Amino acid sequence: MPHRIFKKSKPKATIANLASLGMNQKDFITDFKHYYAHRLGQDNPCCSPHYTYEALSMLISDRLIERWKKTQNTYQTTECKQAYYLSMEFLMGRSLSNAMLNLGVTDVATKAMYDLGLDIEELVEAEADAGLGNGGLGRLAACFIDSCATLQLPVTGYGLRYEYGMFSQSIHNGEQLENPDHWLKNGNVWEIERPEYSHRIKFGGHTEIRTNKNGKQQSYWLNTNDIIAVPYDTPIPGYQNGTVNTLRLWKATATESFDLQEFNAGDYAESVAAKNTAENITMVLYPNDANENGKALRLRQQYLLASASLQDVLANWVKHNGNDFSQFAAKNCFQLNDTHPSISVAELMRLLIDEHDLSWAKAWEIVQQTLAYTNHTLLPEALEKWSVGLMQYLLPRLMEIIFEINAQFLAEVSAFWPGDNSKLAQMSIIEEGGDKQVRMAYLAIVGSFSVNGVAELHSQLLQQGLFKDFYELWPEKFNNKTNGVTPRRWLAACNPDLATLISRNIGHTWITNLSELEQLKPLINKSSFREEWYKVQQLGKQNLIDYLQEEMQIELDVNALFDIQVKRIHEYKRQILNVLHVIHLYDRIKNGDTKNWTNRCVLIGGKAAPGYVMAKKTIKLINNVAQVINNDPEVGNKLKLIFIPNYRVSAMEKICPGADLSEQVSTAGKEASGTGNMKFMMNGALTIGTLDGANIEIREEVGAENFFLFGLTEDQVEALRPHYNPNAMIHADADLKQVMHLIESGHFNQFEAGIFDDILNSLKSPHDPWMTIADFRSYIDAQKQVEIAYADRKKWTQMSILNTASSGKFSTDRTISDYNNDIWNLDPIAIKAK
């Protein structure tokens with residue numbers, strides 16, 4: 001009798017829950033030693049802090065991940081509505097210090113490292129900045145996801161994992177040099193690769209109309225050149241609340257990374273050509289798009305972000321709900337951070353129609369109920385446009401969808417404005433002309449249920465100017481959400497001495513409720529508190545001096561007025577106006593006009609886009625002027641001008657606590673919001689600025705008497721523009737005439753004839769859009785008021801305290817609450833903290 005074979009059923013996989021990781025000093029030391037020895041292969045102390053940084057980061061990361069898993073499981077089991085923040089930039093900076101703060105383990109980790117003979121500050125400094133952003137847009141996105149986690153809102157960030165971030169800037173002969181910023185050269189301990197959630201992204205090919213399985217005519221996208229988007233997840237912790245959200249960044253890879261036949265045939269370069277071509281998409285943040293190849297690469301980046309992110313959300317939906325999309329809009333919301341992700345409108349339509357068989361009407365209903373658009377610019381030239389020809393070549397199916405969206409939209413415009421053909425041309429998503437263009441901002445407005453600006457003035461100007469016709473058609477779509485910054489990184493973490501002083505007097509809860517800083521106001525008249533505040537501010541300045549001494553080998557006077565302007569170099573931000581004032585001060589010194597003089601250190605930092613010639617010449621002018629002033633013994637400590645190279649998040653964390661005066665001098669009506677102004681205010685700096693962007697709201701909060709206002713208003717700028725005559729203004733103002741003469745005479749470029757002619761011509765042009773000359777006299781007068789106030793230590797300290805005390809509005813916790821209350825409508829999900 002044959003033996004019977006019993007086939008065992010496969011056991012159900014079970015993974016036991018591990019015990020929670022310890023949070024005390026002993027646990028940290030034990031885990032640190034484990035990682036240092038067994039994961040990093042180190043035995044003896046290493047001369048480089050890299051391995052000790054990694055070991056500490058690993059033990060912190062482990063504790064984030066156990067909370068992360070619980071957070072994501074809670075979101076899934078509660079079936080809560082979720083939001084997704086799509087941004088081409090996430091300027092995260094360093095993660096270690098922020099993670100320790102938000103986990104509440106900074107003191108424990110510091111003591112544990114001390115017991116091991118390590119300086120935790122040295123470990124923190126060993127981390128590379130994750131420079132995945134160009135400026136305020138990317139830093140805002142990073143602050144937003146911090147606040148979402150702190151408010152326990154189920155929000156996922158989606159971006160791109162650039163191999164090289166914003167370039168590393170060095171200065172040679174006064175000029176900017178761009179060097180690769182390979183922030184990933186030592187790996188990234190904070191991320192987890194998730195290849196199981198990869199998605200295929202289509203490019204190129206063509207479309208054909210065919211009959212689908214239901215007997216209907218349908219457009220098919222065929223013969224495409226595909227790449228794979230691979231996600232890398234980074235945990236984003238809320239402040240000591242157990243919530244850890246996700247930042248998912250996409251890396252582009254080839255469908256087949258290696259062609260063995262080509263390799264065996266001896267064509268080694270061709271064997272990996274597909275891999276290299278695919279990976280180029282996420283190689284560099286913002287490739288230079290001055291040529292067609294650069295434009296195509298930029299469009300590929302934007303589409304990769306949109307398609308991968310939308311596919312990801314839809315795949316998760318189908319996994320739990322099948323192809324029933326009846327509740328999709330009720331459970332999901334996408335926030336588009338500026339115009340870059342606006343291709344999402346057409347891509348979501350494509351996915352719903354082509355991949356999930358929804359009708360056009362049903363798909364469009366879902367799109368218009370789930371997409372929301374944030375605009376970040378008032379400059380028409382900064383609004384993205386793509387050539388129809390390029391779109392048809394790279395994304396032919398999406399171009400078809402955009403044409404249909406536009407046709408239906410123009411029918412609505414025609415019904416609202418019967419017979420007004422000019423209105424149709426003005427509002428069309430397709431800009432007609434020799435080279436037809438797709439107006440991506442218009443696509444975003446048409447496809448979104450919400451359109452917001454980022455400061456009260458900015459939102460008003462959008463409604464009255466840039467998007468006036470759309471506002472008239474759909475006023476209910478438009479709203480304002482004034483930007484903010486996270487107080488965790490930009491006060492509690494970067495300025496621990498000031499944070500400690502504040503907490504000692506009003507408690508710790510301001511860290512998650514910044515409006516509680518109002519409690520500082522009664523302390524303004526308390527002399528002992530003012531003295532403590534002054535000492536902390538001086539300490540912040542000394543720390544900045546030490547940082548600059550180490551970085552640049554320069555020495556500064558801690559008692560001088562620290563006058564700081566750090567931001568992206570751009571003509572509208574008017575670093576040039578700052579330089580004109582510095583030259584004026586220099587001229588006063590040379591002429592002996594130094595009675596009641598206030599010593600001043602002017603610090604300027606920022607990067608110019610590689611293709612932005614005028615911005616790069618501005619950097620050259622700053623450095624040339626600095627070279628003359630800083631080496632003139634007659635000037636001495638009365639005046640210093642320093643250009644801080646390679647401005648980045650970690651540098652701002654040193655700069656911010658050391659500022660006395662914050663320069664926010666953009667032409668009125670040009671700055672959408674600004675967030676550097678908020679960081680400086682939060683740390684007690686006073687602001688000199690125009691009525692532009694969030695300056696207006698800062699002035700309202702702190703009071704006009706505590707804000708150094710100058711310059712034309714937006715209305716005055718526009719009224720003056722038709723008859724603007726800067727040459728007449730120069731001749732009518734002796735100080736300005738002398739400043740211009742010093743530049744024109746070559747005083748700052750004696751061996752480089754003519755290099756500043758373009759700047760001079762721009763300043764003197766009646767067509768200068770920034771109208772710098774028009775604001776010179778008002779700016780000089782306001783700076784004199786700064787000097788008078790700074791000379792009165794008691795008054796200045798009172799104003800400094802009042803700035804911090806009045807900064808509550810400018811927390812991203814408030815901003816995100818506004819987004820949630822008015823746009824997302826998410827329920828906070830409590831996660832039990834461990």
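## Overall build

Of the 834 residues of the protein, 58% count as buried, a figure that, like every value in this report, is computed from a predicted model. The secondary structure comes to 34 helices and 25 strands, and the C-alpha trace spans about 115 × 75 × 60 Å along its principal axes. A compact globule of 834 residues would have a radius of gyration near 28 Å, and because the protein has 28 Å, the two agree.

Among contacts between residues at least 6 apart in sequence, 77% join residues at least 24 apart.

## Surface and charge

The protein exposes about 34,300 Å², of which carbon and sulfur atoms supply 49%. Its side chains include 81 that are positive and 99 that are negative, and the centres of these two sets lie 5 Å apart.

Helix 15, which runs over residues 396-416, has 21 residues and reaches 31 Å from its first C-alpha to its last, close to the 30 Å expected at 1.5 Å a residue. Its buried residues are Pro396, Arg397, Leu398, Met399, Ile401, Ile402, Ile405, Asn406, Phe409 and Val413.

Helix 23, formed by residues 575-590, has 16 residues and reaches 23 Å between its first and last C-alpha atoms, which is close to the 22 Å expected at 1.5 Å a residue. Because 15 of the 16 residues of helix 23 are buried, this helix is largely enclosed by the rest of the structure. Just after helix 23, Gly592 takes a positive phi of about 75°.

Leaving out residues up to four places away in sequence, Ile343 touches Gln302, Tyr303, Ala306, Met391, Leu395, Leu398, Ile402, Met440 and Leu443. Among these partners, Leu398 and Ile402 are also listed with the buried residues of helix 15.

Ile343 and Asp593 are 250 residues apart in sequence, and their C-alpha atoms are 58 Å apart in space.

## The surroundings of Met92

Met92 has its place in strand 2, residues 90-93, and at 15% relative accessibility it counts as buried. Once its neighbours within four places in sequence are left aside, Met92 is in contact with Ala130, Arg139, Ala142, Ile145, Ile236, Leu247 and Arg489. Met92 and Leu140 are 48 residues apart in sequence, with 9.5 Å between their C-alpha atoms.

Gln152 has a positive phi of about 60° although it is not a glycine.

Conventions: Residues numbered from 1 in each chain as written. Predicted model: local features only at pLDDT ≥ 70, side-chain atom pairs only at ≥ 80, totals over all residues. Heavy atoms only, no water. Helix = DSSP H or I, 4+ residues; strand = E, 2+ residues; numbered from the N terminus. Expected span 1.5 Å × (residues − 1). Buried < 20%, exposed > 50% of the residue type's maximum accessible area, 1.4 Å probe, protein only. Rg over C-alpha atoms; globule rule 2.2 N^0.38 Å. Contact = heavy atoms within 4.5 Å. Areas by Shrake-Rupley, 256 points an atom, 1.4 Å probe, with all protein chains shown as cover. Lys, Arg positive; Asp, Glu negative; His and termini not counted. Charge placed at Lys NZ, Arg CZ, Asp CG, Glu CD.
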